[in-house]
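User: Hi! Could you walk me through a few spots in this model with me?

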Amino acid sequence: MTLAFSLFNRRFFMGSSLLGSLGLMLPAMAHGPAVGGGTSDAAAPVQAPVARAAKADEIRPFKYRASEEALRDLRQRVKATRWPSRELVNDDTQGVRLGTMQKLADYWANQYDWRKAEANLNQYPQFVTTIDGVDIHFIHVKSKHANALPVIITHGWPGSVIEQLKVIKPLTDPTAYGGTAADAFDVVIPSIPGYGFSAAPTELGWDPQRVARAWAVLMKRLGYSRYVAQGGDWGDAINEQMALQKPQGLLAIHTNMPGTLPDNISAAIAGGPVPTGLSADEQYAWEQLDFFFKHRVGYATEMGARPQTLYGLDDSPIALAAWMIDHDPQSQKLINRVFDGASEGLSRDDILDNITLYWLTHTGLSSGRLFWESKLAFFAPKGVTIPVAVSAFPDEIYTAPESWTRKAFPNLLFYKRHTKGGHFAAWEQPQLLTEDMRASFRSLR
């Protein structure tokens, strides 16, 4: 690791006090033919006719249908990929393997059916509303059960609303999925600005704090006077900022990737002494963090410093797919196994549904700008005092130990350490996450 790279990692990932840390047709009158920053060739949204200018706080129905031209173009681009030479090692240490990408490309170009993903997405009520000058897309599913608890669920990178689709029915219709009517939620799932069907901001300043404020406006606009929030990755960063802002009505948050690092761990990542005297769970978390910051932080480094350089993400489907897959070691290994034919929590279609959404909405590059905007320490405690619930999964970037979690969140409602699952909890282990959310918020109903 070069000195410059090391110093940048310290700035971006360790928090400001330690030099920084680690921190998917919108109305034509507003965006012309673009969708999430895309072009008319990339997508064909379907919405209710608009006969007049939308009011500032209006909520407009939304459905999406990609054009056949866009899907043909995608397949042609995949087939026309100019492949690099094979990696010189027999593992992932040089990056996403050529064999994995060629298997993915073959399936994407010759067997994958986006229309199935589109139908799955469009079965749920979707809407767009303008908040702080940006069109925000969201899914909103109300439970049939009385007194359902509203929850806003936020995806991360390289995720999208596709991540949360598997938890919608278990949360809104618990009696059909092993729960009781008292466990019911109304579910709101927005797309972060610059991701998916939300517009890409055209001005600076859309950091996690601003997104958090927008989410509070959204929940108020939907008429919710009391609600909870859930998320991992950027979803955690945004929700922890909501918790600090304490908008009226926010009761608690649940996270599957919390910020809990003690000062000695943060200092060690920044180049200080290796920590000693750790428990088994703490040692496991330290080893995960040490590996990640030494070997896997490159994607965040580039997007945090130079997101506009990543033109290939909006020009080549295979470049986009490889960039998204190369996120964390365990999810990459899972994806390798999936394209080798293994049955996992994610399928080939799951993986390509998410990547294809990024491609069709032309948000590969715009999604990366959130890393540039954010000045937060992703894994450092933020001083959250409202009730917090935590699910810790073993194949996350790091598995937050209960000891660190209790110190980081003095009002801890719930903690559970699982024996399976990784970064994309709602997507990969929807039953476990659903059960945790029910248990976490039961006392607040």
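**Around Ala319 and beyond**

Analyst: Happy to. Leaving out neighbours within four places in sequence, Ala319 is in contact with Gly312 and Leu313. Keep in mind that this is a predicted model.

User: Where is Ala319 placed?

Analyst: Ala319 sits in helix α13, which covers residues 317-325.

User: How far apart are Ala319 and Val78?

Analyst: They are 241 residues apart in sequence, and their C-alpha atoms are 9.8 Å apart in space.

User: Let's move to α14. How many of its residues are buried?

Analyst: Eight of the 11 residues in α14 (residues 329-339) are buried, so the helix is largely enclosed by the rest of the structure. Among the buried ones are Pro329, Leu334, Asn336 and Phe339.

User: What do those buried residues pack against?

Analyst: The buried residues of α14 pack against α4 (98-110), α10 (280-295), α13, α15 (348-361) and α18 (425-428). After the helix comes Gly341, with a positive phi near 105°.

User: Now the largest nonpolar core. Which residues touch the most other members?

Analyst: Leu104, Trp108 and Trp234 do, out of 126 residues in that core. Setting aside residues up to four places away in sequence, Leu104 touches Ile318, Ala321, Ile325, Phe339, Leu352 and Ile355.

User: Next, Asp233. Where does it lie?

Analyst: Asp233 is in the loop between β7 (227-231) and α8 (234-245).

User: What is the nearest side chain of opposite charge to Asp233?

Analyst: That would be Lys382, 12 Å away. Asp233 is buried yet has no salt bridge.

User: Which side chain does Asp233 make a polar contact with?

Analyst: The side chain of His423, at 3.0 Å. Beyond its neighbours within four places in sequence, Asp233 is in contact with Gly156, Trp157, Met257, His327, Phe378 and His423.

User: Last one: His145. Is it buried or exposed?

Analyst: His145 counts as buried, because its relative accessibility is 17% and the cut-off for buried is under 20%. Its place is in the loop between β4 (134-141) and β5 (149-154).

User: And what does His145 touch?

Analyst: Not counting residues up to four places away in sequence, His145 touches Thr172, Asp173, Pro174, Thr175, Ala181 and Ala184.

Notes. Residues are numbered from 1 along each chain as its sequence is written. This is a predicted model: local features need pLDDT of at least 70, side-chain atom pairs count only at pLDDT 80 or more; totals for chains, interfaces and linings use all residues. Side-chain values use heavy atoms; hydrogens and water are left out. Helices (H or I, at least four residues) and strands (E, at least two) are DSSP runs, numbered from the N terminus. Buried means under 20% relative accessible area, exposed over 50%, partly exposed in between (1.4 Å probe, protein chains only). Lys and Arg count as positive and Asp and Glu as negative; His and the chain ends are not counted. A salt bridge is a side-chain nitrogen of Lys or Arg within 4 Å of a carboxyl oxygen of Asp or Glu. A polar contact is a pair of N or O atoms within 3.5 Å; within protein, one must be able to donate a hydrogen and the other to accept it, and residues adjacent in sequence count only if both atoms are side-chain atoms. Contact means heavy atoms within 4.5 Å. A nonpolar core is a set of buried Ala, Val, Leu, Ile, Met, Phe, Trp, Tyr and Cys residues joined through side-chain atoms within 4.5 Å.
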